[in-house]
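Take a look at the sequence and the 3D structure below. Then read on with both in view.

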Amino acid sequence: MLGTMFGAFLVLMFLGVPIAGAMITSTVLPTLMSASFAGNVNFIMRAMVGGLDAISILAIPLFMLSGAIMAMGGISGKLFDVFAVFIGKWKAGMPCAVVITCLFYGAISGSGPATCAAVGGMCIPVLTALGYDKVFAAALVATAGGLGVIIPPSIPYISYGLVTGTSVGNLFLAGILPGILIALALILYVNVYCRTKGENREV
């Protein structure tokens, strides 16, 4: 039956059926072929409802809501202004301020794409106006935006914990140090790049 499910899934994907439809069809197909198959429709429905019956999953739409509210409120701009005041006068200070802004915004929103969109929409025009290369500015924000996935709280951590049964709290604790180390590595790279390429500017 496993081979039948996998084969049906590949055929449906090859035919261009949406992923959700291909997964549902290939899962239900063995039940239609044999009524004695353990994974019948009732089992599938119970598993789907049981997977949704978790309080932790509420964090995902609430993170999305908070990210939308913060984007409308311009919190990314306020965060960037704060860090720009403290380190903007240093060599490569403004790009470093972008990295730190992504770190803090990611810790608030819990989403990498939301971090990249909110911070990039505001910081890239600022960096290019100061004379930084547009490709460098866009690549910096796209890379630093990924900190929203690493630094807790993170939506992917919650999804992984729900699927595997891993403690979400332990995942959050495990993501703090890697997130900070990645941010420090990005800041080090920005300093080296700006000093060697002559990209550093002052406010």
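This is a predicted model: local features need pLDDT of at least 70, side-chain atom pairs count only at pLDDT 80 or more; totals for chains, interfaces and linings use all residues.

Residues are numbered from 1 along each chain as its sequence is written, and side-chain values use heavy atoms, with hydrogens and water left out.

Start with confidence. pLDDT is the predictor's confidence in each residue, from 0 to 100. The protein averages 79, and 83% of the residues score at least 70. Confidence is lowest in helix 3 (residues 41-52), with a mean of 67. It is highest in helix 8, at 89.

Now the overall build. The protein has 11 helices and 0 strands. Both are DSSP runs, numbered from the N terminus: helices are H or I with at least four residues, strands are E with at least two. Of the 203 residues, 36% are buried. Buried means under 20% relative accessible area, exposed means over 50%, and partly exposed lies in between (1.4 Å probe, protein chains only). Contact means heavy atoms within 4.5 Å. Among contacts between residues at least 6 apart in sequence, 64% join residues at least 24 apart.

Which residues of helix 8 are buried? Helix 8 spans residues 134-144, and its buried residues are Phe-136, Ala-137, Leu-140, Val-141 and Ala-144. Seen down the helix axis, these fall within an arc of 125 degrees, so they line one face of helix 8. That arc is taken from the directions from the helix axis to the C-beta atoms. An α-helix has 3.6 residues a turn, so residues three or four places apart point the same way. What covers the buried residues of helix 8 includes helix 6 (93-109), helix 7 (112-129), helix 9 (147-150) and helix 11 (168-197). On the other side of helix 8, Lys-134 and Val-135 are exposed. Asp-133 caps the N-terminal end: one of its side-chain oxygens lies 3.2 Å from the backbone nitrogen of Val-135.

Move to helix 11, where Tyr-189 sits. Tyr-189 is partly exposed because its relative accessibility is 49%. Its C-alpha atom is 9.6 Å from that of Cys-96, 93 residues away along the chain.

Last, the cysteines. A disulfide is a pair of cysteine sulfur atoms within 2.5 Å. The count here is 0. For Cys-123, the nearest cysteine sulfur is that of Cys-102, 6.6 Å away. For Cys-194, it is that of Cys-96, 7.2 Å away. Cys-194 is buried, at 0% relative accessibility.

How values were computed. A polar contact is a pair of N or O atoms within 3.5 Å; within protein, one must be able to donate a hydrogen and the other to accept it, and residues adjacent in sequence count only if both atoms are side-chain atoms.
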